Amino acid sequence: MASKLEALQRWVDEAAALTRPARIHWCDGSDAEYQALVQQMLQTGDLVELNQQTHPGCYLHRSSPSDVARVEHLTFVCTKEREDAGPNNHWMDPAEAHAKMDGLFDGCMEGRTMYVIPYCMGPIDSPLARCGVEITDSPYVVANMRTMTRMGAAALARIEREETFVKGLHSTGELDPERRFIMHFPEDLAIKSYGSGYGGNALLGKKCHALRIASWQAKSEGWLAEHMLIVGIENPQGQTHYIAAAFPSACGKTNLAMLIPPEGYRRDGWKVWTVGDDICWMRPGADGRLYAINPEAGFFGVAPGTSAGSNPNALASIARDTIFTNVAVTADNQPWWEGLPGEPALDWQGRAYDPANGPAAHPNARFTVSAKQCPTWSPKAEDAQGVPISAIVFGGRRPSLVPLVFEARDWAHGVLVGGAMGSETTAAATGAVGVLRRDSMAMKPFCGYHYGDYFKHWLSFDQPGAQLPKIFHVNWFRKGKDGKFLWPGFGDNLRVLEWMIARVEGKAAGVDTPIGTLPARGELRTEGLALDAAALDELLHVDEAGWQAEAAAIGGYLSEFGQRMPQRLHDELQRVAGALAGA
Ligand code: SAT
Ligand code: MN
């Protein structure tokens, strides 16, 4: 196969001339192609078969032990002007970056197959969808891309029609952390990634395209590419509100997207529909509302902690036809991780399990599965027009200070609330875990341009005629003095979403505070919940002195972005600080 689109064919020819593969395979996305790849990987040891009785079609990939997460310190945005990448990104001059990468790619596919993967991010017929082509020498990447994107013939046809696509060149190289770089060239819609096979570094449709490059495209085309789940909440009357929520990696986006309503809610007829668990592209529709699609077709979820208690829908999704990465296995060869019943026999590196070596599954072990296997997969997720968003939610891991939920006064205040977001770090990225870091809109590792320009872009949606979603902030991770979580989380988070929907529908008064609107006493339904009044008070308390210090810290953070930070956000912060001082 080849392409009749000259620009595509020329780029593939150039990549082949540089990397010198033994053969080139254009991926058609068929079942037969997938099965052949699996067979080949079983032979090379890239995949290990799991128990096919209990887990039909499931396989395990063990990565190199030094290649288990995204590497933000090796990830660059290469714009002509350094300032355009902003202080939120590592920057390299494009010419220097190309030279460096081409040096690494030189001859790197000798003796190997080069796969050409045309893919579409979003429903194939959606005007909100965008396409790309990834070139890789990794069959593991091809198999994962097939699950995570609409890959193959239909995508190629759309690319040939539109004549524009994101170019992603990838090689696993030697998997040497010293020879590993993830480079983005937003001005050329191009990505070059070398030396890692891990999801966020190697499945280029995901973070590299659907967030870093897409955020850049979105800025110039008037839409938003966000690190958000999308969930539909259907009330007993059969009306569904769609909510988009941004949390940093490994803070429970997948769990919220697949939430199971608490017992009483189920009885009353509440339903939850999963549209997406990680990425959301939104654009104003003719009626002024924001319409969202999930650009992905699958879930690349964190395995540890996924259990019948925390996320039964995820567990049901991954019972078959799933690729597991860096999980442990039981004595009868079933996938295993911390949080599941039973016990591990081999750890994620394939060694006999020994607690002295740490957890059996890597803390960032993952599953890759088609979204269609999720019991709550929304029929609307395939809708070309997307779903209308009623509320946007920001949140992070904040053990203290930040209440369970509050609502921003208006859009501009909401942009400040998202901009000020902070969270304790997790295992999804290399580095220390459990340190508070500011992570505006959960986009710190993913915004492909200057954060100041990004906030300005967000503010620009507030226009006459716009019917914008309400903006909320949540914190499921608040701890009491005993160090235990105050809020049960998981399914009970629906109680908080219900309050948000009541606010959207004008059915809850709330209480105004300097930081925003909180649920008034009695507005949050707590029946059936083992939560004492003191815990609820603490969860909904605004500690003014603590927030004054927080406001000062946020001010310092906003100043890091210099002149490009819109004055409007400083003004919004002044308003909050003023209200706190007067409180
Ligand atoms: O970066 S990944 O997509 O591999 C996982 C994450 O951090 O969300
Ligand atoms: Mn993510």
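Helices (H or I, at least four residues) and strands (E, at least two) are DSSP runs, numbered from the N terminus. The model is predicted: local features need pLDDT of at least 70, side-chain atom pairs count only at pLDDT 80 or more, and totals for chains, interfaces and linings use all residues. Residues are numbered from 1 along each chain as its sequence is written, while chains are lettered from A and ligands numbered from 1 in the order in which they are written.

**View 1. Arg20 in the loop between α1 and β1.**
Arg20 sits in the loop between α1 (6-19) and β1 (23-26). Its phi is positive, about 55°, although Arg20 is not a glycine. A residue is buried if 20 or more other C-beta atoms lie within 10 Å of its own, exposed if 12 or fewer, and partly exposed in between, with C-beta atoms placed from the backbone. Arg20 has 16 other C-beta atoms within 10 Å, so it is partly exposed.

**View 2. Leu189 in the loop between β10 and β11.**
The loop between β10 (181-185) and β11 (190-194) holds Leu189. Leu189 has a positive phi near 50° and is a residue other than glycine. With 19 other C-beta atoms within 10 Å, Leu189 is partly exposed.

**View 3. Helix α5, residues 139-148.**
Ten of the ten residues of α5 are buried, and the helix is mostly covered. Among them are Pro139, Tyr140, Asn144, Arg146 and Met148.

**View 4. Val417 in helix α12.**
Val417 is buried, because 24 other C-beta atoms lie within 10 Å. Two residues are in contact if their C-beta atoms, placed from the backbone, lie within 7 Å. Leaving aside neighbours within four places in sequence, Val417 is in contact with Phe394, Ala408, Ile471 and His473. The C-alpha atoms of Val417 and Ser440 are separated by 8.6 Å, and these residues are 23 apart along the chain.

**View 5. Helix α14, residues 493-504.**
The twelve residues of α14 reach 17 Å from the first C-alpha to the last, close to the 16 Å expected at 1.5 Å a residue (the expected span is 1.5 Å times one less than the number of residues). Ten of the twelve are buried, so α14 is largely enclosed by the rest of the structure. The buried residues include Leu494, Arg495, Glu498, Trp499 and Arg503. Gly506, with a positive phi near 70°, follows α14.

**View 6. Helix α12 against helix α17.**
Two packed helices are described by the angle between their axes and the distance between the axes. Axes are lines fitted to C-alpha atoms, for helices over the stretch in contact, and angles run from 0 to 180 degrees between N-to-C directions. Helix α12 (residues 411-419) packs on α17 at an angle of about 90°, with the axes 9 Å apart. That makes α12 roughly perpendicular to α17 (angles under 35 degrees count as roughly parallel, over 145 as roughly antiparallel, 65 to 115 as roughly perpendicular and the rest as oblique). Ala412, His413, Val415, Leu416 and Gly419 of α12 make the contact with Arg568, Leu569, Glu572 and Leu573 of α17.

**View 7. Helix α16 against helix α17.**
Helix α16 (residues 544-559) and helix α17 (residues 567-582) pack at about 165°, and their axes are 10 Å apart. α16 is therefore roughly antiparallel to α17. Residues in the contact include Trp547, Ala551 and Ile554 of α16 and Leu573, Val576 and Leu580 of α17.
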